[in-house]
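Colleague: I'm new to this one, and I'd like a close look at a single part of it. Could you pick a spot and walk me through what sits around it?

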Amino acid sequence: GINAEYMGGSVVVRGVSGGERRRVSIGVELVARKPILFLDEPTSGLDSAASFQVVSKLKDYARTRGMTVICTIHQPSSETYALFDRLLLLAYGRTVYFGPTDQISHHLEKLKYPVPPGINVADHFMYLVNADFREDKEVAKAEIQELTTKSITLCPISSAPRTNYTGKVGFDTGFFWQTFVLTQRGFINARRNLVMYWVRLAMYVALAILMGTIWIKVGTSFTALQNRLGCHFFSIAFPCFMSVAGIPAFLEEKHVFDREYSSGAYHSLAYVLALSITSIPFIFIIAVFFSAIVYPLIWLNEGADHYFIFLVVLFLSHVLCVD
């Protein structure tokens with residue numbers, strides 16, 4: 001299993017391994033509880049033991065829910081191969097065999113291509129349908145032509161046994177629970193992801209020091225009015241312009257959202273609401289740091305009420321830009 005405290009990883013921080021990340025992606029697909037589940041090489045990057053466990057769990061889940069799992073498989077072991085009920089074997093886009101997995105050996109034997117003793121049946125038929133690494137490619141292509149010409153379909157779609165899907169079609173959880181879980185995940189991700197907020201915080205602190213030294217002690221006199229207007233303008237504009245620093249983190253998050261939303265894991269509105277809730281505390285921290293440096297250096301109006309008005313305006317403008 002994978003501990004919930006493990007980090008998924010990013011471009012900056014290394015997280016879980018590729019095999020663990022693949023298992024997490026399979027879990028996300030299972031959360032959606034679809035009647036038909038499509039998986040593209042779910043065991044790639046896993047050893048034989050992990051592959052067997054993944055396919056075994058998928059089979060148990062399919063039988064429990066009455067759902068259908070369709071997947072491509074990469075070099076399965078004999079134990080993993082035996083877990084599949086049906087096999088569709090293709091050679092250059094043409095059908096070679098479609099039927100129960102335990103009958104392909106009999107079919108190949110009738111075509112004079114018996115499985116050698118001690119050889120994994122999956123390795124044997126993959127050797128037969130692949131001419132890329134054969135020494136005599138012409139002979140290999142002729143064998144593939146014979147296999148596709150004499151292809152057999154032992155379980156046509158119309159006669160396949162039907163099962164009643166017992167799962168729930170649509171979202172498995174309510175809108176508010178989706179929002180809560182996504183908000184919780186958002187806070188964990190924001191705390192761990194340096195690019196999302198912490199690098200931006202350092203940039204805003206540096207910008208505040210730069211602005212404070214440019215307009216240092218500008219004062220509140222009438223002659224300093226123009227400078228104060230420029231200071232207020234750039235105090236709002238610069239943080240808004242700097243919000244583009246969050247685009248790399250947004251693009252990384254968008255890739256995850258596109259995959260999970262297409263899988264039916266949650267509603268898009270729940271994700272947007274959770275993202276907004278997650279960003280507000282961090283934006284407030286940025287506004288506090290920025291205003292705490294800029295305000296005393298520039299010598300704007302004294303008094304806590306004036307400072308908090310400046311802070312609130314800065315915070316709201318930044319929320320609008322980021323969201």
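This is a predicted model: local features need pLDDT of at least 70, side-chain atom pairs count only at pLDDT 80 or more; totals for chains, interfaces and linings use all residues.

Modeller: Leaving aside residues up to four places away in sequence, serine 317 touches Ile236 and Cys240. Serine 317 itself lies in helix α12. Its side chain also reaches the backbone oxygen of leucine 314, at 2.8 Å. Is serine 317 buried or exposed? With a relative accessibility of 14%, serine 317 counts as buried, because the cut-off for that is under 20%.

Helix α9 covers residues 225–242 and helix α12 covers residues 304–322; the two pack at an angle of about 35°, and their axes are 9 Å apart. The crossing of α9 past α12 is right-handed. On the α9 side, the contact is made by His232, Ser235, Ile236, Pro239 and Cys240. From α12 come Phe310, Val313, Leu314, Ser317, His318 and Cys321, so our serine and the leucine its side chain reaches both belong to this contact. Sorted by type, the residues where α9 meets α12 are 7 nonpolar and 4 polar, with no charged ones.

And the wider setting? The protein chain has 12 helices and 5 strands. Of its 323 residues, 37% count as buried. Looking at contacts in the chain with a separation of 6 or more, 65% are between residues 24 or more positions apart. The chain's accessible surface comes to about 19200 Å², and carbon and sulfur atoms account for 64% of that.

Key
Residues are numbered from 1 along each chain as its sequence is written. Side-chain values use heavy atoms; hydrogens and water are left out. Axes are lines fitted to C-alpha atoms, for helices over the stretch in contact, and angles run from 0 to 180 degrees between N-to-C directions. Helices (H or I, at least four residues) and strands (E, at least two) are DSSP runs, numbered from the N terminus. A crossing is left-handed if the near helix is turned anticlockwise from the far one by less than a right angle, and right-handed if clockwise. Contact means heavy atoms within 4.5 Å. Ala, Val, Leu, Ile, Met, Phe, Trp, Tyr, Cys and Pro count as nonpolar, Asp, Glu, Lys and Arg as charged, and the others, Gly among them, as polar. Buried means under 20% relative accessible area, exposed over 50%, partly exposed in between (1.4 Å probe, protein chains only). Accessible areas come from the Shrake-Rupley method with a 1.4 Å probe; for residues, only the protein chains shown count as cover. A polar contact is a pair of N or O atoms within 3.5 Å; within protein, one must be able to donate a hydrogen and the other to accept it, and residues adjacent in sequence count only if both atoms are side-chain atoms.
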